[in-house]
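Please read the following briefing beside the sequence and the coordinates.

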Amino acid sequence: MAWAAAAVLVAGAGVTGFWWKPWQSVSLPPSACWGELGPPDYRVLAGADGVARAAERGSIDGPVANGVLLSSCRLVWDDKEHSNMLSVSVGSADDTDGADDPRLLGDMLRAVDFGPGAQGWIAQGTGPLAVQFACSYQSGAKASPYVRIVVSSAGLSTASTAQVRAAYAGIALKMAKAVAHRLPCGNTVQLPDQPGPLPAG
């Protein structure tokens, strides 16, 4: 009986050791993307073991001097390729159809519901997700009528495709709200509390 109990304990320890690897750790910045995102937003996109650092280019605060909004933020993973654990681009758009974006061209896109004030598209698998909305922002030059946000990653995550796509949608919605408020858009942008159900990937 004692031998059997010991065998069960050893087996249990083996299983625990298989799932829990104390030498593995993930270090994520406490905030990213102009202070709008935090680890709960992007943790699911992380690899199994490593460090990410945040980098930003441009701003999401107006006015926009030349009329063209072009800003981006990244979480860069510490692998050999310096992969983008997360990439978020915020830019002006002249057309209502986000499918013309070069980051989405060639992908089979499906619509994503971001409420009556925005349009969304997502590529197959863990490909990019885009959300676009009308935004009359203050500019020193003729401004484009729309803002487009594109979210993508390098595919480091071991999470399911559905979890990664859900993270994309949550990040896109949070950034859309931040841009509409901080840029700010002169018009009212109607965005939901949560993204609509995502199409199967």
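Two strands are said to pair if DSSP finds at least two bridges between them, and helices (H or I, at least four residues) and strands (E, at least two) are DSSP runs that are numbered from the N terminus. This is a predicted model, in which local features need pLDDT of at least 70 and side-chain atom pairs count only at pLDDT 80 or more, while totals for chains, interfaces and linings use all residues. Residues are numbered from 1 along each chain as its sequence is written, and side-chain values use heavy atoms, with hydrogens and water left out.

**Confidence**

- The chain has a mean pLDDT (the predictor's confidence in each residue, from 0 to 100) of 87, and 83% of its residues reach 70 or more.
- Confidence is lowest in helix H1 (residues 2-19), with a mean of 43, and highest in H2, at 98.
- Over residues 1-23 pLDDT stays under 50, and for this stretch the model has one contact (heavy atoms within 4.5 Å) beyond four places in sequence.

**Sheet and packing helix**

- Eight strands make up an open sheet with mixed pairing, in the order S1-S2-S3-S4-S8-S7-S6-S5.
- Its edge strands, each pairing on one side only, are strand S1 (26-27) and strand S5 (110-112).
- S5 pairs with strand S6 (residues 119-122) in the antiparallel sense over three bridges, and the bridge partner of valine 112 in S6 is glycine 120.
- Helix H3 (residues 161-182) packs on the sheet and touches strand S4 (84-93), S6, strand S7 (129-134) and strand S8 (146-152), its direction making about 150° with that of S8; here axes are lines fitted to C-alpha atoms, for helices over the stretch in contact, and angles run from 0 to 180 degrees between N-to-C directions.

**Nonpolar core**

- A nonpolar core is a set of buried Ala, Val, Leu, Ile, Met, Phe, Trp, Tyr and Cys residues joined through side-chain atoms within 4.5 Å, where buried means under 20% relative accessible area, exposed over 50% and partly exposed in between (1.4 Å probe, protein chains only).
- The largest such core has 47 residues, and those with the most contacts inside it are Val88, Phe133, Val147 and Ile149.
- Strand S3 (70-77), S4, S7, S8 and H3 each supply at least two residues of this core, and H3 gives the most to it, with 12 residues.
- Beyond its neighbours within four places in sequence, isoleucine 149 is in contact with residues including Val88, Phe133, Ala172, Met175 and Val179.

**Disulfides**

- The whole structure holds two disulfides, each a pair of cysteine sulfur atoms within 2.5 Å.
- Cysteine 33 and cysteine 73 form one of them, with their sulfur atoms 1.9 Å apart, and this link is right-handed, with 75° about the S-S bond.
- Because cysteine 33 lies in the loop between S1 and H2 and cysteine 73 in strand S3, the pair ties together parts that are 40 residues apart in sequence.
- A disulfide also joins cysteine 135 to cysteine 185 (S to S 2.0 Å), and this link is left-handed, with -105° about the S-S bond.
- Cysteine 135 lies in the loop between S7 and S8 and cysteine 185 in the segment after H3, 50 residues apart.

**Two buried residues**

- Glycine 38, in the loop between S1 and helix H2 (39-42), counts as buried at 12% relative accessibility, and touches Pro30 and Ser31, not counting residues up to four places away in sequence.
- Serine 72, in strand S3, is buried with a relative accessible area of 17%.
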